[in-house]
Amino acid sequence: MIRFVLKSRLYKAFFFTGLIFAIGVLSYLFLFDYSFVDAFYMTVITITTVGFGEVHPFSTEEKLFTTFLILSSLFTFGYAVSSFSEYLISGDFFQRLKIKRVQKQIEQLEGHTIVCGFGRNGKQALVKLKSYNRKVVIIEKDKELIKHLDENRVLNVEGDATSDETLLKAGIKKAKYLITALPSDADNLFVVLTASQLNKECKIISRASKETTYSKLKIAGAHNVIMPDKLGGAHMASLVVTPDVIEFVDRLTIEGDTTANLEEIAINDLPKEYLNKTILDLDLRKKTGCTVIGYKTLNNEYIINPDASLKLETDGNLIVLGRPEQINKLRELF
């Protein structure tokens with residue numbers, strides 16, 4: 001405890017001020033047979049140098065001790081003032097206030113997404129999530145990037161994402177998704193292992209650089225593993241083999257409210273009267289102009305271009321295609 005206190009100049013100042021006060025009270029109390037009230041009073045008027053009179057005439061020993069107490073308190077208070085001034089000027093005070101304010105906001109979140117690492121992939125993930133108004137917390141240890149996040153009012157936690165403490169500060173126990181986009185596969189693997197233990201319900205998406213890491217991340221608990229380099233190469237090759245198909249798919253952007261062409265609807269979010277009904281009963285085409293192009297079953301199986309007679313079961317998801325204005329209408333209805 002004392003070792004922790006002595007690490008900071010401000011804590012040292014508070015510690016020594018309290019120590020001087022305690023020495024004064026205890027000395028007057030036990031060395032000079034003062035009552036507690038008199039000992040407390042003498043200590044206060046001595047260390048504050050206000051100049052009130054003594055409780056009774058001092059003996060030589062009392063005068064010497066009081067002189068020592070005055071000098072000690074002057075040095076201690078001088079050190080305390082300089083330490084507090086340095087604390088304010090350095091920005092530590094306001095930084096701690098900022099951290100407490102942000103931490104309080106994070107503690108109130110539920111069902112949010114944690115993004116570990118604010119590199120290229122992390123930035124892209126943030127833009128996408130923000131366009132869908134998702135609640136996001138970024139974990140980053142680079143101070144310059146933290147400063148950028150603060151300026152843009154993005155909730156963040158400064159620290160190492162592989163640490164349990166950092167993940168807990170980011171609200172991992174109440175998070176719904178976690179994206180780990182750290183540059184090191186080993187770090188991503190460690191984050192996946194830690195997060196899956198802290199919150200077994202959290203869906204984890206991890207970045208990977210090497211193919212050998214893919215299976216390890218899946219075993220560790222990652223629900224999805226993305227290899228950006230492999231995806232980029234495959235995408236470029238597809239532009240050679242099937243350019244029109246790829247260009248059409250690229251046009252099905254999901255960049256946000258104004259350009260979205262694809263939307264996902266959770267069956268659980270639909271009004272209860274639609275449960276165990278068919279896609280035909282939902283009648284999305286007539287109500288919004290959107291078309292159902294896919295269905296994800298309870299067992300995570302995907303059905304492309306499902307039949308209109310397909311029943312809508314709980315925990316399933318519909319994948320819907322439409323123009324931006326049709327997608328907006330869909331969001332308003334559901």
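These questions and answers walk through a predicted model of a protein.

Trainee: How many helices and strands does the secondary structure of the protein come to?
Mentor: Start with the whole chain. The protein has 334 residues, and buried ones make up 36% of them. Its secondary structure comes to 15 helices and 10 strands.

Trainee: Which residue of strand 4 stands opposite C116?
Mentor: Strand 1 covers residues 113–116, and strand 4 covers residues 177–180. The two run parallel and are joined by 4 bridges. Opposite C116 stands T180.

Trainee: Are helix 9 and helix 10 roughly parallel or roughly antiparallel to each other?
Mentor: Two packed helices are described by the angle between their axes and the distance between the axes. Here the axes of helix 9 (residues 185–198) and helix 10 (residues 211–220) come within 9 Å and cross at roughly 15°. Angles under 35 degrees count as roughly parallel. Helix 9 and helix 10 are therefore roughly parallel.

Trainee: Is the crossing of helix 9 and helix 10 left-handed or right-handed, and which residues of helix 10 make the contact?
Mentor: The crossing is right-handed. Helix 9 brings D185, N188, L189, V192, L193 and S196 to the contact. The residues of the contact divide into 5 nonpolar, 3 polar and 2 charged. From helix 10 come T213, K216, L217 and A220.

Trainee: Is Q197 buried or exposed?
Mentor: Q197 lies in helix 9. Its C-alpha atom is 9.9 Å from that of D164, 33 residues apart along the chain. Exposed means over 50% relative accessible area. At 57%, Q197 is exposed.

Trainee: Which residues of strand 7 form the uncovered face?
Mentor: In a regular strand the side chains alternate between the two faces of the sheet. Strand 7 (residues 262–266) has a covered face, made of E263 and I265. Its uncovered face is L262, E264 and A266.

Trainee: What is the bridge partner of E264 in strand 10?
Mentor: Strand 7 and strand 10 (residues 317–321) pair in the antiparallel sense. That pairing has 5 bridges. The partner of E264 is I319.

Trainee: Does D283 count as buried, partly exposed or exposed, and what is its phi?
Mentor: Most residues other than glycine have a negative phi. D283 is found in the loop between helix 13 (279–282) and helix 14 (284–288). At 28% relative accessibility, D283 counts as partly exposed. Its phi is positive, although it is not a glycine, at about 55°.

Trainee: Where is R153 found?
Mentor: R153 has a positive phi, near 55°. At 79% relative accessibility, R153 counts as exposed. R153 is found in the loop between helix 7 and strand 3.

Key. Residues are numbered from 1 along each chain as its sequence is written. This is a predicted model: local features need pLDDT of at least 70, side-chain atom pairs count only at pLDDT 80 or more; totals for chains, interfaces and linings use all residues. Side-chain values use heavy atoms; hydrogens and water are left out. Axes are lines fitted to C-alpha atoms, for helices over the stretch in contact, and angles run from 0 to 180 degrees between N-to-C directions. Angles under 35 degrees count as roughly parallel, over 145 as roughly antiparallel, 65 to 115 as roughly perpendicular and the rest as oblique. A crossing is left-handed if the near helix is turned anticlockwise from the far one by less than a right angle, and right-handed if clockwise. Contact means heavy atoms within 4.5 Å. Ala, Val, Leu, Ile, Met, Phe, Trp, Tyr, Cys and Pro count as nonpolar, Asp, Glu, Lys and Arg as charged, and the others, Gly among them, as polar. Two strands pair if DSSP finds at least two bridges between them. Buried means under 20% relative accessible area, exposed over 50%, partly exposed in between (1.4 Å probe, protein chains only).
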